[in-house]
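Have the sequence and the fold side by side.

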Amino acid sequence: MDTNKETKFCQSCGMPLTEDILGTNADGSKNEDYCIYCYKDGAFTGDFTMEQMVECCSMFVDEYNKNTGQNLTACQYKDVLRQYYPTLKRWKGDDANLPHADHPMKKVYIEEVNALGIPGLHVDTLYVLQGSFINQAYDINGNEVKLLDDNATYWGNQILKDDDRCYGIACCEQFILVSEYGKDGADAELVILKRRDK
């Protein structure tokens, strides 16, 4: 392993790029500029403004503090991001040649989730999420079962319900999964696992 290799960063969100989180081009090849959370199948996963990206990424201030030894507040971290992002390819200069349209499958998944008719569940957007981040354990017939692949990525979101519980959504080419859980994923229940018609 080359220890002198320079660390590359996602040119959209600034995350350090490792081989396992590289985005993908339309032909399935790896993209060396963007992470899988920002860029999938040749398109950005969200048509964000830079300020929206700052808001989204500021939620990970605790991880930033852990990795840098700092103790920034979310507001201080936003200021850091606002200084840093204009140096990244997606946010600097003329963006006319960047593929800013939302990923084509995102709209399809949103329509399919909303068509399920689950009370209190309506999604406006989905994000690319790592399986290990959202892979809940469910009690099925007395067994603790996980249904997602920790190493895969899914289109997903978390929707707060009126009773302080949340709906969790995970979509992929094969299926749509909706779960319900309390704070920090407590008492997770499977609401629906629906095979998709491709």
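Is Arg196 buried or exposed? Arg196 counts as buried, because its relative accessibility is 9%. Buried means under 20% relative accessible area, exposed means over 50%, and partly exposed is in between, with a 1.4 Å probe and protein chains only.

This is a predicted model, in which local features need pLDDT of at least 70, side-chain atom pairs count only at pLDDT 80 or more, and totals for chains, interfaces and linings use all residues. Residues are numbered from 1 along each chain as its sequence is written, and side-chain values use heavy atoms, with hydrogens and water left out.

Arg196 has a charged partner. Glu112 forms a salt bridge with Arg196, with the closest N and O atoms 2.8 Å apart. Glu112 lies in helix H4 and Arg196 in the segment after strand S13 (189-195), so this pair ties together parts that are 84 residues apart in sequence. Helices (H or I, at least four residues) and strands (E, at least two) are DSSP runs, numbered from the N terminus. A salt bridge here is a side-chain nitrogen of Lys or Arg within 4 Å of a carboxyl oxygen of Asp or Glu. Glu112 counts as partly exposed, because its relative accessibility is 24%.

By this rule the count comes to 9 salt bridges. Side chains of opposite charge can pair when their charged atoms come close. Another pair is Asp33 with Lys89, whose closest N and O atoms are 2.9 Å apart. Asp33 lies in strand S4 (residues 30-35), and Lys89 in the loop between helix H3 (74-84) and helix H4 (104-114), so the pair ties together parts 56 residues apart in sequence. Asp33 is partly exposed at 25% relative accessibility. Lys89 is partly exposed too, at 37%.

Next come Glu189 and Arg165. Their side chains meet in a salt bridge of 3.7 Å, N to O. The pair links distant parts of the chain, 24 residues apart: Glu189 is in strand S13, and Arg165 is in the loop between strand S10 (153-160) and strand S11 (166-171). Glu189 is partly exposed, with a relative accessible area of 44%, whereas Arg165 is buried at 15%. Both belong to a network of salt bridges that links Lys161, Asp163, Arg165, Glu180 and Glu189.

Now the hairpins. Strand S3 (residues 22-24) runs antiparallel to S4, and 3 bridges join them. Two strands pair if DSSP finds at least two bridges between them. Thr24 has Lys30 in S4 as its bridge partner. The S3 and S4 hairpin has 5 residues between its strands, and Gly28 in the turn has a positive phi of about 90 degrees. Further along, 4 bridges join strand S8 (residues 137-140) to strand S9 (residues 143-146), again antiparallel. Here Tyr138 has Val145 in S9 as its bridge partner. This hairpin has 2 residues between S8 and S9, and Asn141 in the turn has a positive phi of about 50 degrees.

Turn to single residues. Ser58 is found in the loop between helix H1 (50-57) and helix H2 (61-68). Why does Ser58 count as buried? Ser58 is buried because its relative accessible area is 5%. Leaving aside neighbours within four places in sequence, Ser58 is in contact (heavy atoms within 4.5 Å) with Ala74, Tyr77, Lys78 and Leu81. In helix H1 sits Gln52. Gln52 is partly exposed, with a relative accessible area of 42%.

Asn157 lies in strand S10 and is buried, with a relative accessible area of 17%. Beyond neighbours within four places in sequence, its contacts include Thr125, Leu126, Tyr127, Tyr167 and Gly168.

Last, the largest pocket. About 1,600 Å³ of space lies in it. It is lined by 49 residues, of which Met15, Cys56, Phe60, Glu63 and Phe133 lie nearest its centre. Elements that each supply at least two residues of the lining include H1, H2, H3, S10 and S11. By class, the lining has 31 nonpolar, 16 polar and 2 charged residues. Ala, Val, Leu, Ile, Met, Phe, Trp, Tyr, Cys and Pro count as nonpolar, Asp, Glu, Lys and Arg as charged, and the others, Gly among them, as polar. A pocket is an open set of points on a 1 Å grid over the protein atoms alone, where a 1.4 Å probe fits, with protein on both sides within 12 Å along at least five of seven lines; lining residues have an atom within 4 Å of a point. Grid points are joined across faces, edges and corners, and a volume is the space filled by probe spheres set on the points.
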